[in-house]
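Here is a short report on one chain. Look over the sequence and the 3D view, then read on.

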Amino acid sequence: MEDENLYDQNGHGTQMFSVVHSSDFGISPNANVYILKVLDKDCKGHTEDIIDAINYCINNNIHIINMSFAIPNNN
């Protein structure tokens, strides 16, 4: 699903963007960064969306893909 809303409901994507792109401390501040959201505000999503995002990166010659997923600890 295509959506223009780039708001990061959980903050993790924003933090990772800063690690890569920050002009103060980023590891690659001049990198082209593409934001592909595959999870909703509750960190839930569909495998097909993840596959579509990977295929988008491949088809658009994006060289590095960072995907951070967390699994809740239900102990």
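A patch is made of residues with over 30% relative accessible area and no salt bridge; like charges are joined within 9 Å, and nonpolar side chains (Val, Leu, Ile, Met, Phe, Trp, Tyr) within 5 Å. A salt bridge is a side-chain nitrogen of Lys or Arg within 4 Å of a carboxyl oxygen of Asp or Glu. Accessible areas come from the Shrake-Rupley method with a 1.4 Å probe, and for residues only the protein chains shown count as cover.

This is a predicted model: local features need pLDDT of at least 70, side-chain atom pairs count only at pLDDT 80 or more, and totals for chains, interfaces and linings use all residues. Residues are numbered from 1 along each chain as its sequence is written, and side-chain values use heavy atoms, with hydrogens and water left out.

Phe17, Val33 and Ile35 make a nonpolar surface patch of about 240 Å². Phe17 sits in helix H1, residues 12-21.

How much of the chain is buried (under 20% relative accessible area; exposed is over 50%, partly exposed in between; 1.4 Å probe, protein chains only)? Of its 75 residues, 8% count as buried.

| Residue | Relative accessible area | Class |
|---|---|---|
| Phe17 | 37% | partly exposed |
| Cys43 | 45% | partly exposed |
| Cys57 | 6% | buried |

The whole structure holds zero disulfides (pairs of cysteine sulfur atoms within 2.5 Å). The chain exposes about 6700 Å², and carbon and sulfur atoms supply 52% of that area.

How values were computed. Helices (H or I, at least four residues) and strands (E, at least two) are DSSP runs, numbered from the N terminus.
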